Amino acid sequence: MKIMYKNKTYIVLLLLGLAALAQSCNKWLDVQPSTQTTEEKQFSSEQGYKDALIGIYQKMAQLNSYGKELTYGCLDVLAQIYQNKANANTDTYGQMARYNYTDATVKATLSSLWSTQYSTIAQANYLLKDVDADKGLFSGINYQLVKGEALAARALLHFDLLRLFASAPAASAEVDDKAIPYMLAFAVNPGKALNRSEVLGLVEKDLKEAESLLQVYPDIDQIKDNASNTSLEVFTMFRQNRLNVWAVRALLARVYLYQGNKAEALKYAKAVIDSQKFEFVNGNTNSVSAASATSNAIFSTEHIFSIYKSNLKDISDRYFKTEAGAAENEDLFTTLTNLNSWYEVSVAGHAIDIRGPQASSSRWNQFNANTVYNTKYYVGNNVTNVNQKLVPVIKLSEMYYIAAEASETIDQALIYLNKVRAARLIPALSTSSVNTTTLLETELFKEYRKDFYAEGQLWFYYKRKNYSTLQNTVGGTMDNTKYVFPLPDNEIEFGLN
């Protein structure tokens with residue numbers, strides 16, 4: 001990652017033209033990048049800051065970030081949910097599924113992931129550099145929104161880099177071994193790496209400051225209701241595609257659970273749940289047909305924060321085989337046998353699970369018994385439906401799972417877990433069948449696998465819990481040599497040596 005500067009005028013790739021394109025949801029979300037602009041010009045107005053913030057989100061939507069690898073791509077390959085990993089010799093994902101981090105193409109993928117995240121962090125820091133001094137440029141609460149979202153983005157990006165490139169607390173006690181750098185200022189190099197506790201402390205600090213700033217605007221407008229909105233006031237709209245205050249609190253719940261601080265994890269998960277700003281889809285009425293203008297196969301009402309991916313149709317056609325013509329060796333599919341097992345279709349009352357392959361409105365395309373594709377990212381020709389261009393990063397169900405895991409009693413945990421199960425139309429669990437923490441963890445694991453298919457969260461669950469064996473694996477017994485990504489060969493560029 002190189003960020004060029006010259007004669008105190010920093011040069012950065014930023015996004016212009018938001019105001020001119022603010023006539024509709026798609027136009028707002030599809031702002032196109034300019035070439036380069038000087039710092040003086042970019043940050044001479046409130047609009048320049050807004051454009052720079054949207055640029056951060058667009059970088060997060062790139063393929064080597066949350067637009068693919070950190071959601072349905074690399075992370076779910078590592079979690080062994082796809083069958084395409086059988087092609088070990090010729091396919092990058094085949095090598096990745098075997099945790100062959102020395103393979104040239106795998107190394108390139110992980111290096112690109114690292115550099116993209118730090119480049120996005122640098123852009124957030126570029127925005128933050130003078131935002132306090134320029135506070136007078138902003139109207140209303142826009143200063144709080146811009147700064148708060150930039151801080152939240154910086155925290156999210158660092159936290160996920162930590163979860164990928166450092167060991168989890170469950171796998172190693174806190175030591176002085178360095179993890180990753182935490183960039184607090186715009187610079188060419190991030191500087192020296194910090195240990196895990198130091199990084200988590202800075203993540204928490206950024207998120208708490210972001211929460212304090214963003215709480216001035218707690219409102220959430222559902223993205224599903226904005227497809228044809230023509231309002232010119234877009235900055236306080238589309239909050240599910242922005243790091244809103246509830247997304248920050250959800251991230252705090254995620255961070256505290258990772259740290260083992262269950263009391264704080266439960267507190268923040270409950271704050272999001274009790275806000276009633278997000279709701280589970282109605283499994284009896286929700287449409288998953290891409291031909292429908294109201295199709296919502298991605299369950300957008302449950303998104304606390306999601307990425308808008310304007311070319312998701314191309315991605316879905318290429319990897320999930322929703323249209324003809326994609327290269328077979330890139331397909332991301334599984335088998336009907338695995339799906340029937342994962343969604344427990346033979347268990348009484350489970351075959352109608354709205355997430356599973358036997359649901360009446362199924363989100364699965366069964367090419368044959370050995371090749372079944374997920375269609376939650378299916379776009380089809382109904383390109384105006386913004387619900388069909390979203391990649392979830394934080395969902396409501398995760399808050400219930402965190403609350404269940406952090407609860408003091410099994411009775412309380414099952415209340416949270418059963419809320420999700422009821423929304424998915426499957427039977428409630430009782431303390432007569434789930435009466436130990438081990439059994440509760442088993443049920444939580446099954447829920448993570450069911451709810452986050454093609455979303456990347458199962459890998460983080462496996463690693464956080466330090467599972468030694470993954471189901472359906474071709475990668476052997478797990479340990480930190482597999483759970484921890486190796487630092488890129490050019491790590492010296494980031495001041496790590």
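Which side chain does arginine 239 meet in a salt bridge? The partner is glutamate 149, at 3.0 Å from N to O, where a salt bridge is a side-chain nitrogen of Lys or Arg within 4 Å of a carboxyl oxygen of Asp or Glu. Arginine 239 sits in the loop between helix H8 (196-214) and helix H9 (245-259), and glutamate 149 in helix H7, so the pair ties together parts 90 residues apart in sequence. Helices are DSSP runs of H or I, at least four residues, numbered from the N terminus.

A word on the source: this is a predicted model, in which local features need pLDDT of at least 70 and side-chain atom pairs count only at pLDDT 80 or more, while totals for chains, interfaces and linings use all residues. Residues are numbered from 1 along each chain as its sequence is written, and side-chain values use heavy atoms, with hydrogens and water left out.

Arginine 239 is buried, at 1% relative accessible area, and glutamate 149 is buried at 0%; buried means under 20% (1.4 Å probe, protein chains only).

The whole structure has 32 salt bridges.

I turn to the nonpolar core, defined as buried Ala, Val, Leu, Ile, Met, Phe, Trp, Tyr and Cys residues joined through side-chain atoms within 4.5 Å. The largest has 152 residues, with Met60 and Phe305 among those with the most contacts inside it. Helix H7 gives the most to this core, with 15 residues.

Methods. Buried means under 20% relative accessible area, exposed over 50%, partly exposed in between (1.4 Å probe, protein chains only). Helices (H or I, at least four residues) and strands (E, at least two) are DSSP runs, numbered from the N terminus.
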